[in-house]
Every structure is written in C-alpha cells, then in structure tokens.
Number of protein chains: 2
Amino acid sequence: MDPAPGPRPVDHQGLEVLDDRRCLELIESTPVGRVAFVSSGEPHILPVNHVLLRGRVHFRSATGLTLLAATRHAMMAFEVDGHDEATRTGWSVLVRGTSHFEQDEHVLGELAAQDLHPWADQVERRHWVTITIEELSGRRIPGHAAAT
Amino acid sequence: MDPAPGPRPVDHQGLEVLDDRRCLELIESTPVGRVAFVSSGEPHILPVNHVLLRGRVHFRSATGLTLLAATRHAMMAFEVDGHDEATRTGWSVLVRGTSHFEQDEHVLGELAAQDLHPWADQVERRHWVTITIEELSGRRIPGHAAAT
C-alpha cells in the first residue's frame, strides 16, 4: 500500500528528494543519459543509450577515451534528467561509481538479450562499459504556482 | 542564400557533423544543459540552466564544488542534446573550455539583463560561472529509413 500522503522530503536547496527506488525507475525509463569521466585530468561528457541491470548502469562504447577510462576502472558520473519548459519543472538523477570494461560472459549475454541498439549504430559499438553505482541521488524541482 | 543541397559532412562513426554556427544555435535554444567538472580527481556532472553570450556559456551556481572548480579556472565540459524516441534520432553538442567565476561587472550586468531565472530557484544562486569555449563539436544521428 502507498504510504499516507504527507510532505515530501526536500534538501537544503528546497528541491524534492527522490528515493533510490524512484531514481532507479527514472534511469530505467529514460532512453538517453550522459556519462562524464576524467581523461588526462580533464572532464569529458558524452550522451549514451544505457541499460540498467541489477542496479548497475551499462552502456555500449566504441573504442576511445571512455573505454580507456573503463579499462582503468576509473570513477564515472552518469546523469539522466527530464524537464517541462512550460512549467519550468524538472528532475534529475545523478550516479557516481567505478566503471569497468565488461568481460563477464553471463552479464554480456544478459545485455545482448536486452536488445539495446544504440541509436548511433553506424559504427558497431562492440564494448560494454559497466558503472557500479556507489552514489545515487535524485532531485525534483517543485512546480511553481505562478511563473514570473 | 542557402548553399546548394548536397551531402552533409559525416564523421568516422557515420554521424552528421554540425557546424559551429548550428552548435551555438542549439546551445542557445536549449534551456537545460549539463556541466561536467573534476573535483579531487573525480568526475562530477550537474544539470544547469545556461545562457550563451558572445560565444561563452554562463550558468548560475550556488556555492559548492562547481564554484570551487571555476574559482580555480578548471577545465569544464558542457553538453546539450535533444532526441526523438519515435525515430531514434537525436543530436548533441559538446563544449570543453576553461571556467571562471565571473567577476566582470559589465558581463554580470548583461547576464542580469538576460533575465535568466534558474528553475531551481528555492535557493538564490548568486554566482555566475563562465565557460570560455575552447572545443566545440556537434553531431546528429541521421534518421533511419526503417527501425528494426
């Protein structure tokens, strides 16, 4: 049963705090996310199509800096968001965690079965990168009664 | 006059390359972007409302890691994207460049005149961070004749 309605938790910025279950649902239902990683000490950000599988974020990557970072088990950040321009409301879910170049045959089989075809499929993206979630947070901007 | 129609440039992944003018137009017309930066050697990513002014990206920030990075003139990455789930097409524009905590009174006046109210306005975000664009690139995923 749903809990009784009541005030939702907010953070020190007045944003509604989304619980972990809702964060994972939003990651799962949002087709495009963005991954950030560090290469040579500098930040990089890329849009990705992703899959959530048993609490881990997976995305396909061609060879490149992303894959190199994953091979080194670097920390990555991942983000999904959604917004409504009319009401100036929105939400975002942020993930941080260690990445790895996925080599587990069982996991790779499950990912293949998920049938994720990255939209940018002109070049085959053979490699899967996995982010193990270590930090998960979600916020929603409450609606405004009147826009100014 | 528009140039004669012809094949559009594509990159090695088969993605359509967007020229700088189009990239800047897309940054300007997209209300929500994401900024990535490095703190203590680790990547962080945050959604922001931004303003493009004379080829620089500006966003407001409360105090925090983002502002600290800007005060140190750290490299930041910035991204906007858009997509259409039905056709599995999309585009993204990526920016990288040095950030700074904006202190130029003239620029601050212009930004105030732009009337940007960040959506998450429960806490006043007093500080502007500026990213001077050093790398700019945009890609579009060509439409698919038939989804498989």
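Guide: Contact means that heavy atoms lie within 4.5 Å, while helices (H or I, at least four residues) and strands (E, at least two) are DSSP runs, numbered from the N terminus. This is a predicted model, in which local features need pLDDT of at least 70 and side-chain atom pairs count only at pLDDT 80 or more, whereas totals for chains, interfaces and linings use all residues. Residues are numbered from 1 along each chain as its sequence is written, chains are lettered from A and ligands numbered from 1 in the order in which they are written, and side-chain values use heavy atoms, with hydrogens and water left out.

Visitor: What pattern does chain A follow along the sequence?

Guide: Chain A has three helices and seven strands, and read along the sequence these give the pattern β-α-β-β-β-α-β-β-α-β. Among contacts in chain A between residues at least 6 apart in sequence, 68% join residues at least 24 apart.

Visitor: Why is A:Cys23 called buried?

Guide: Buried means under 20% relative accessible area, exposed means over 50%, and partly exposed lies in between (1.4 Å probe, protein chains only). A:Cys23 has 0% relative accessibility and therefore counts as buried, and B:Cys23 is likewise buried, with a relative accessible area of 0%. Of the 148 residues in chain A, 47% are buried.

Visitor: Why is A:Gly109 called partly exposed?

Guide: The relative accessible area of A:Gly109 is 40%, so partly exposed is the term for it. A:Gly109 lies in helix H3 (residues 105-113) of chain A, and from C-alpha to C-alpha it is 24 Å from A:Arg34, a residue 75 positions away in sequence.

Visitor: How do you know that the buried residues of H1(B) line one face of the helix?

Guide: The buried residues of helix H1 (residues 20-29) of chain B are B:Cys23, B:Leu26 and B:Ile27. Seen down the axis of H1(B), these residues fall within an arc of 100 degrees, so they line one face of the helix; the arc is that of the directions from the helix axis to the C-beta atoms. On the other side of H1(B), B:Arg21, B:Glu28 and B:Ser29 are exposed.

Visitor: Which strands do the buried residues of H1(B) pack against?

Guide: In chain B they pack against strand E1 (16-18), strand E3 (42-53), strand E4 (56-61), strand E5 (75-84), strand E6 (89-101) and strand E7 (127-141). Of these, E6(B) is mostly covered, with ten of its 13 residues buried.

Visitor: What makes E5(B) and E6(B) a pair?

Guide: Two strands pair if DSSP finds at least two bridges between them, and E5(B) and E6(B) are joined in the antiparallel sense over ten bridges. B:Phe78 stands opposite B:Val95 in E6(B), and in the hairpin of E5(B) and E6(B), which has four residues between the strands, B:Arg88 takes a positive phi near 55 degrees. E6(B) also pairs with E7(B) in the antiparallel sense, over twelve bridges, and there the bridge partner of B:Ser92 is B:Arg139 in E7(B).

Visitor: Why do A:Arg21 and A:Glu25 count as a salt bridge?

Guide: A salt bridge is a side-chain nitrogen of Lys or Arg within 4 Å of a carboxyl oxygen of Asp or Glu, and the closest N and O atoms of A:Arg21 and A:Glu25 are 3.9 Å apart. Being four residues apart in helix H1 of chain A, A:Arg21 and A:Glu25 are separated by about one helical turn. A:Arg21 is exposed, with a relative accessible area of 65%, whereas A:Glu25, at 33%, counts as partly exposed.

Visitor: What makes the salt bridge of A:Asp81 and A:Arg34 a tie between separate parts of chain A?

Guide: The side chains of A:Asp81 and A:Arg34 meet at 3.6 Å, N to O, in a salt bridge. A:Asp81 lies in strand E5 of chain A and A:Arg34 in strand E2 (residues 32-39) of chain A, so the pair ties together parts that are 47 residues apart in sequence. A:Asp81 counts as buried at 11% relative accessibility, and A:Arg34 counts as buried at 2%.

Visitor: Which residues are joined into one network by salt bridges that share partners?

Guide: In chain B, the side chains of B:Glu79 and B:Arg34 meet in a salt bridge (3.1 Å, N to O), and both residues are buried. Salt bridges that share partners join A:Arg34, A:Glu79, A:Asp81, B:Arg34, B:Glu79 and B:Asp81 into one network. Over all chains, the structure holds 22 salt bridges.
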